[in-house]
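Some labels attached to a structure rest on a cut-off. The questions below ask what each label stands on.

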Amino acid sequence: MDGRAWRILLGRYGQRITLLRGEEEAPVRAFFQPVGEKAPGQEPTPLGVTPRGCYLYLGPAEETLEDVEELIWEGRSFCILRHRGFPVGDGMVYRWAICQELDERAGVRA
């Protein structure tokens with residue numbers, strides 16, 4: 001899949017996400033869904049073992065996840081636990097991240 005096809009899919013089927021970097025807000029379209037649990041407390045995935053309550057972000061290659069302090073989806077706040085780009089040939093096709101919801105009351109992970 002090339003970057004153009006990925007952008008079309010995100011534009012048509014992606015969800016509205018806001019990436020926060022300090023005072024800067026970057027609206028993007030991305031796939032964002034919970035990672036299902038298979039073992040108590042963790043989930044083995046192709047991206048490694050993820051803690052319970054995590055979400056998978058698949059977003060545009062053009063929007064780096066470096067320096068993102070918070071991700072907003074459906075009015076809920078998430079932190080990024082780890083992220084990487086998915087390169088093909090000389091270019092980046094998409095970026096993925098494992099995110100965990102923040103507890104708004106305490107400012108810590110849920």
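Q: What makes the contact of arginine 7 and glutamate 62 a salt bridge?
A: In this predicted model, the side chains of arginine 7 and glutamate 62 meet at 3.0 Å, N to O. The rule asks for a side-chain nitrogen of Lys or Arg within 4 Å of a carboxyl oxygen of Asp or Glu, so the pair of arginine 7 and glutamate 62 counts.

Q: Which parts of the chain does this pair link?
A: Arginine 7 belongs to helix α1 (residues 3–13), and glutamate 62 to the loop between β5 and β6; the two are 55 residues apart.

Q: Why is arginine 7 called partly exposed, and why is glutamate 62 called exposed?
A: Exposed means over 50% relative accessible area, buried means under 20%, and partly exposed lies in between. Arginine 7 has 43%, so the middle class applies. Glutamate 62 has 53%, so it is exposed.

Q: How many salt bridges does this rule give?
A: The count is four.

Q: What is the N to O distance in the salt bridge of arginine 21 and glutamate 63, and which parts does the pair tie together?
A: The distance is 2.9 Å, which is within the 4 Å limit. Arginine 21 sits in strand β1 and glutamate 63 in the loop between β5 and β6, so the pair ties together parts 42 residues apart in sequence.

Q: What makes Arg21, Glu24 and Glu63 a network?
A: Salt bridges link these residues. Arginine 21 pairs with glutamate 63 and also with glutamate 24, where the closest N and O atoms are 4.0 Å apart.

Q: Are arginine 21 and glutamate 24 buried, partly exposed or exposed?
A: Arginine 21 has a relative accessible area of 15% and is therefore buried. Glutamate 24 has 46% and is therefore partly exposed.

Q: How do you know that β1 and β2 pair?
A: Pairing requires at least two bridges between the strands. Seven bridges join β1 to β2, which run antiparallel; one example is leucine 20, whose bridge partner in β2 is glutamate 25. The hairpin has two residues between the strands, and glycine 22 there takes a positive phi near 65°.

Q: What shows that β1 pairs with β6?
A: Three antiparallel bridges join β1 to β6, and threonine 18 stands opposite isoleucine 72 in β6.

Q: How many bridges join β5 to β2 and to β8?
A: β2 and β5 share four bridges in the antiparallel sense, with tyrosine 57 as the bridge partner of phenylalanine 32. β5 and β8 are joined by seven bridges and also run antiparallel; proline 60 has tyrosine 94 in β8 as its bridge partner.

Q: Why is β5 called mostly covered, and why is leucine 56 called buried?
A: Six of the seven residues in β5 are buried. Leucine 56 is in this strand, and its relative accessible area of 18% is under the 20% limit, so it is buried. Leucine 56 is 43 residues from cysteine 99 in sequence but 6.3 Å away in space, C-alpha to C-alpha.

Q: Which residues touch the most other members of the largest nonpolar core?
A: Ile17, Leu19, Phe32, Tyr57, Leu71 and Cys99 do, out of 16 residues. The largest share, four residues, comes from β2. A second, separate core of nine residues includes Trp6, Val35, Cys54 and Ile98.

Definitions and conventions. Residues are numbered from 1 along each chain as its sequence is written. This is a predicted model: local features need pLDDT of at least 70, side-chain atom pairs count only at pLDDT 80 or more; totals for chains, interfaces and linings use all residues. Side-chain values use heavy atoms; hydrogens and water are left out. A nonpolar core is a set of buried Ala, Val, Leu, Ile, Met, Phe, Trp, Tyr and Cys residues joined through side-chain atoms within 4.5 Å. Buried means under 20% relative accessible area, exposed over 50%, partly exposed in between (1.4 Å probe, protein chains only).
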